[in-house]
Structures are given as C-alpha cells and as structure tokens.
Amino acid sequence: MLSPQTLSAYRSMTPAERLRLTLDMIAENEKFLLFGDEQQVRRKFELLNRQNDERNAALLQALRLAQQRQRNPKSTDSDADE
C-alpha cells in the first residue's frame with residue numbers, strides 16, 4: 001500500500017503528469033518484462049493480466065456494494081452477498 005504522502009502527491013498531479021509517470025515506469029521496466037525466452041515473457045504477462053483482472057474485479061465489487069448501500073442504506077454487506 002502507498003503511504004498517505006505518496007497518495008496525496010499522486011492525487012495532486014495533473015492527468016498529464018500521471019501519464020508521464022506511467023510512461024516513465026513502463027520505459028524503465030520494459031527491459032525486465034521482456035527479458036527471458038518467449039515462455040518466460042508470456043508467463044510474466046499472464047501474471048500481470050491476472051493481477052490486473054483481480055484488482056478490477058475487487059474495484060467493481062466495491063462499486064456494486066457502494067451502489068447497493070446508496071439505494072438501500074439499511075442493507076449490510078452480508079445482504080449483498082446473498
């Protein structure tokens with residue numbers, strides 16, 4: 001997890017600054033992502049995609065729960081699981 005200071009700094013960035021940061025990180029890490037034989041590289045990207053899918057699923061679930069709570073404030077998290 002990121003520190004509160006890092007999160008605050010990131011949130012205060014403009015979209016262009018965040019994009020530049022992202023592109024810089026990609027450029028710095030590309031050589032490591034592409035290092036190895038074809039199977040190793042494929043596995044690295046499969047892992048990255050799986051982790052991204054898991055994060056996206058968790059975010060979507062949190063958004064669904066927030067939407068349910070907004071519609072029915074007396075509902076609990078356990079109600080949403082049923």
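Before selecting anything, one term: on a 1 Å grid over the protein atoms alone, a pocket is an open set of points where a 1.4 Å probe fits, with protein on both sides within 12 Å along at least five of seven lines, and its lining residues have an atom within 4 Å of a point. Volume here is the space filled by probe spheres set on the points, which are joined across faces, edges and corners.

A word on the model: it is predicted, so local features need pLDDT of at least 70 and side-chain atom pairs 80 or more, while totals for chains, interfaces and linings use all residues. Numbering starts from 1 along each chain as its sequence is written, and side-chain values use heavy atoms, without hydrogens or water.

Start with the cartoon. You'll find 4 helices and 0 strands, in the order α-α-α-α from the N terminus. Helices here are DSSP runs (H or I) of at least four residues, strands (E) of at least two.

Now select L2, L7, Y10, L21, T22, M25, I26, N29 and L33: they line the largest pocket, which holds about 300 Å³ of space. Colour α1 (4-11) and α2 (15-33), the elements that each give two or more residues to this lining. The largest share, 6 residues, is from α2.

Zoom out to see the whole chain. Its C-alpha atoms fill a box of roughly 55 × 35 × 20 Å along the principal axes.
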